[in-house]
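Reader: Please present the structure, and let us then discuss its aromatic pairs and the confidence of the prediction.

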Amino acid sequence: MDKALQHWESRIGRRLKLRDLHILSTVVQWGSMAKAASHLAMSQPAVSEAIAKLEDALRVRLLDRNSQGIEPTIYAHALLKRGDVVFDELRQGIRDIEFLTDPSVGEVRIACSEQSAAGLLPAAIDRLSRRYPQIVVRVVQANLATLEFRELRDRKVDLVLARMTGSFVEDDLDVENLFDDPHFVVVGARSRWARRRKVALAQLVKEPWILPANQVVSALIAEAFKAHGLEVPQERVSAGSILLRNHLLATGRFLTVLPDSVLRYNAKQWSLKALPVDLGVTPRIAIVTLKNRTVSPVVQLFAEHLRAVAKTMFAPGRSKRGARSKADRAPPES
């Protein structure tokens, strides 16, 4: 037998248990053996014994004790980093079994921005739930402006619905572009600008603007004004919340910039209108997943529904960058 294999079986394979690894993770999470024992419904001596067995098998110290509680050593950090992957793959395996046993049930965990939650995502969830009412969709609204994808990399979600600008390449991520999502200057139906057939961007500089809190999109809007030789509008309100922006637009006093995917699902309900102004701001909507991580069949099924809804974003009479004819200025209504 290979020496490395013998070493694994004698030192690790027969001695390291997933239960002990889970106990270590819980102790680190709570920062206390007593708290971890209470959470795990175990005695504190049993928790201490499990940690001691791990340290004996690995021949390193995993925890340091101080006046504030317990701190993981560099060896514990290294072990738990890999352990998270092990437990995640086991969870995925259980989901696969559940789906194979009953293809109509399962769970999908998604991270997205406020804008995605107000546009594409509700349509995809609605389509999925009509056919598979037992599938649970858990949505985490995340700040994706910095494109760090922390929730995805920590394996707390299965996929991210993100808004991309320019080129984006990360060694550990797969990016599937769904569609271009042009942004428009938007007002409420009570706005004096809503009745204008022709509007120049220069006329809007001094108006009360609600600018998106997303730094990436705000930078693109600033570039659009500068490209026309105009000053960037002074923001009166900065907000990421689509609901808040819709309420303010309904007063007829404010202007904002919204993506096409949000307009198509909010224009009718909130009486919104896109002005005939070409900003030239066209980010992409993309599905982002971890490389070398096999997602469950339920997640694959949801991704298929996202793709199907995305196809409806390309209405006739629209160019690749989202330009529209004069007869098609207002966003389609659902």
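Author: This is a predicted model, in which local features need pLDDT of at least 70 and side-chain atom pairs count only at pLDDT 80 or more, while totals for chains, interfaces and linings use all residues. Residues are numbered from 1 along each chain as its sequence is written, and side-chain values use heavy atoms, without hydrogens and water.

Reader: Is Phe149 buried or exposed?

Author: Buried means under 20% relative accessible area, exposed over 50% and partly exposed in between (1.4 Å probe, protein chains only). With a relative accessible area of 2%, Phe149 is buried.

Reader: How many aromatic pairs does the structure hold?

Author: Rings of Phe, Tyr and Trp (its six-membered ring) pair if their centres lie within 6.5 Å; planes under 30 degrees apart count as stacked, over 60 as edge-to-face and the rest as tilted. The number of aromatic pairs in the structure is 2.

Reader: Why is the pair of Phe149 and Phe168 edge-to-face?

Author: The ring centres of Phe149 and Phe168 are 5.6 Å apart. The pair is edge-to-face because the angle between the planes is 65 degrees.

Reader: Is Phe168 buried or exposed?

Author: The relative accessibility of Phe168 is 17%. Phe168 therefore counts as buried.

Reader: What is the angle between the planes of Trp209 and Phe225?

Author: Trp209 and Phe225 are both buried. Their aromatic pair is edge-to-face, with 5.6 Å from centre to centre and planes at 85 degrees.

Reader: What is the average pLDDT of the protein chain?

Author: pLDDT is the predictor's confidence in each residue, from 0 to 100. Of the residues, 89% score at least 70. The chain average is 85.
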